[in-house]
Amino acid sequence: VVSHYLSTGYMWDVIRAKNGAYGAYSKFSSVDGVGTFFTYRDPNTPDTTLGLFNGAAQSVLDDVESSALTRDNNAAITTAIIGTIGGLDGSALSPRAAGWEALIRHLYGESTISRQRHRNEILKTTVDDFIDYAQRVKSWREQSIAIVASLSAFNEMKSRTGQELSVLVQANAEEDQSGEL
């Protein structure tokens with residue numbers, strides 16, 4: 001629910017509208033507990049976007065502080081819950097897509113009961129869950145960062161920030177200036 005709130009709020013407003021990325025999203029997988037922030041067609045340097053990602057958790061805490069998120073009868077939380085449930089349900093699936101979805105659910109061991117349990121947890125989301133999520137994101141110490149960018153943007157970020165970065169995969173395997181792949 002908080003990921004949906006961030007995607008349609010902070011990520012949309014700050015990363016997409018103000019900074020020009022075509023898409024900006026926050027996702028949380030209840031299957032493996034992995035939280036992800038990502039952009040699509042982002043004109044900013046990777047370190048700029050990473051800095052904006054780092055502001056996401058604080059934006060939730062600021063919304064709690066400013067009463068944009070409150071404990072009682074909160075429209076913003078209700079809207080995020082509805083959006084999250086809508087994301088689970090989606091639209092009607094084609095027979096092919098329904099078969100694929102059934103296979104994936106079977107492979108994950110996801111039953112109708114577990115799906116309803118997950119749905120019930122979503123419906124019980126409170127401002128305390130938003131605070132907990134934001135505090136957890138702020139406390140991430142060992143983040144895994146993957147950047148898909150041109151080699152020139154990658155090298156520019158590496159030289160500007162002094163961060164230890166490695167190219168894992170390079171399309172059109174050409175040598176960079178140092179002669180390394």
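Hi everyone, before we look around, one term: contact means heavy atoms within 4.5 Å. With that in hand, let me show you this chain.

A word on where it comes from. This is a predicted model, where local features need pLDDT of at least 70 and side-chain atom pairs count only at pLDDT 80 or more, while totals for chains, interfaces and linings use all residues. Residues are numbered from 1 along each chain as its sequence is written, and side-chain values use heavy atoms, with hydrogens and water left out.

Let's start with the overall picture. The chain has nine helices and two strands; these are DSSP runs numbered from the N terminus, helices being H or I with at least four residues and strands being E with at least two. Going along the sequence, you would read α-α-β-β-α-α-α-α-α-α-α. The C-alpha atoms fill a box of roughly 55 × 45 × 30 Å along the principal axes. Of the 181 residues, 25% are buried, and here buried means under 20% relative accessible area, exposed means over 50%, and partly exposed is in between, using a 1.4 Å probe and protein chains only. Among contacts in the chain with a separation of 6 or more, 58% link residues 24 or more positions apart.

Now find the two strands. Strand β1, residues 23–28, runs antiparallel to strand β2, residues 35–40, and six bridges join them; strands are paired if DSSP finds at least two bridges between them.

Is R41 buried or exposed? R41 is exposed, at 60% relative accessible area. T49, in helix α3, is buried, with a relative accessible area of 6%. Setting aside neighbours within four places in sequence, T49 is in contact with T39, D42 and N44.

Let's go inside. A nonpolar core is a set of buried Ala, Val, Leu, Ile, Met, Phe, Trp, Tyr and Cys residues joined through side-chain atoms within 4.5 Å. The largest one has 33 residues, and L6, M11, I15, V60 and F130 touch the most other members. Several helices give two or more residues to this core, including α1 (2–8), α2 (10–18) and α5 (75–89). Which element gives the largest share? That is α8, with six residues.

Apart from neighbours within four places in sequence, F130 is in contact with V1, V2, Y5, V60, L69, I77, A80 and T125.

V60 takes us to helix α4, where A56, A57, S59, V60 and L61 are buried. The buried residues of α4 pack against α1, α2, β2, α3 and α8. After α4 comes S67, with a positive phi near 75°.

One last stop is L151, in helix α9. What is its relative accessible area? The value for L151 is 24%, so this residue counts as partly exposed. L151 and V167 are 16 residues apart in sequence, and their C-alpha atoms are 8.6 Å apart in space.
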